[in-house]
Amino acid sequence: MIDFSILPTALLFIAKAIPNTLFMAFISLFFGIVIGSAIAVARERCGKGVNGLFAVFVSFLRGVPAIVQLFIVYNSLPFLLTPLISSVVGHTVKPFDVSPYWTVYTTFILYNTAYQSENVRGALRAVEKGQYEAAVAMGMTPFRAFTRIIFPQAFLVAMPAFFTYYLKTIKLLALVFTVKVVDMFAEADIFSALYNRRTEPYIADAIAYWAVAIILTFFFSWWEKKLREKM
């Protein structure tokens, strides 16, 4: 029998992990946008060889489930980082000493990089090329014409997808409990174990995710409107 009186307690317990979840999602998306934008520009401006190489990279990351990518990174990255960390700190560091946050950020930055590279690439193609050509013809350098005219417009085109992927990343981070990182879902799992309740914490978790999504949707809509007014 579901005891609804437990839900407020469970919600407060889960709420402790909301800031960490939002922060992990933000860092993952931010660097995914930065690296993805660089890849998108490179694919648009470089030759077929570079384009083909990045196309394979993006295709792999988009085609492999996030949980598989997470486990690949979790079982390999610590072994790659230990020599570097050991040389920095001056003593031997073992793979299990490496924080699992390295795994989480690496996995989800790469995940977002793949999707945002396609998002930004499509947005760049949506901007009329004649504007760039006209700016260059009027004496602007190609770099200045791109950064001052083309990219700001492409950013606005891509923005709704940025917001969508931020929300998607928040939900995907429910996977990180498998590598010992505590997010909103992991807190619900901990509550379930501590209080021996099997349904209520997950109902509370669903409510928490829903509330976060509603609040962020309103905030993103307001922010996008303000940015468009300034353009």
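**Figure 1. The largest pocket of this predicted model.** Let's begin with the open space itself, which has a volume of about 360 Å³. Its lining is made up of 15 residues, and those nearest the centre are Phe26, Leu29, Ile33, Phe162 and Trp223. Sorted by class, the lining holds 14 nonpolar residues and one polar residue, with no charged ones.

**Figure 2. Helices around the largest pocket.** Where does the lining come from? At least two residues each are supplied by helix H2 (18-45), helix H8 (142-172) and helix H10 (200-230). H2 provides the largest share, with six residues.

**Figure 3. The second largest pocket.** Here the volume is about 280 Å³. Among the residues lining this pocket you can find Val41, Glu44, Arg45, Leu124, Lys129, Tyr132 and Phe146. Two or more lining residues come from each of H2, helix H6 (100-126), helix H7 (129-137) and H8. The second largest pocket has six nonpolar and six charged residues in its lining, and no polar ones.

**Figure 4. The largest nonpolar core.** This core has 52 residues, and Val104, Ile170 and Met184 touch the most other members. Several helices each supply at least two residues of the core, including helix H1 (7-15), helix H4 (66-74) and helix H9 (184-195). H8 gives the most, with 13 residues.

**Figure 5. A closer look at Ile170.** Which residues does Ile170 touch, leaving aside those up to four places away in sequence? Its partners are Thr21, Leu22, Ala25, Tyr209, Val212 and Leu216. Ile170 is also one of the core members that touch the most other members.

Technical notes: Residues numbered from 1 in each chain as written. Predicted model: local features only at pLDDT ≥ 70, side-chain atom pairs only at ≥ 80, totals over all residues. Heavy atoms only, no water. 1 Å grid on protein atoms, 1.4 Å probe; cavity = no way out; pocket = protein on both sides within 12 Å on 5 of 7 lines; lining within 4 Å. Points joined across faces, edges and corners; volume = space filled by probe spheres on them. Helix = DSSP H or I, 4+ residues; strand = E, 2+ residues; numbered from the N terminus. Nonpolar A, V, L, I, M, F, W, Y, C, P; charged D, E, K, R; others polar. Core = buried A, V, L, I, M, F, W, Y, C linked by side-chain atoms within 4.5 Å. Buried < 20%, exposed > 50% of the residue type's maximum accessible area, 1.4 Å probe, protein only. Contact = heavy atoms within 4.5 Å.
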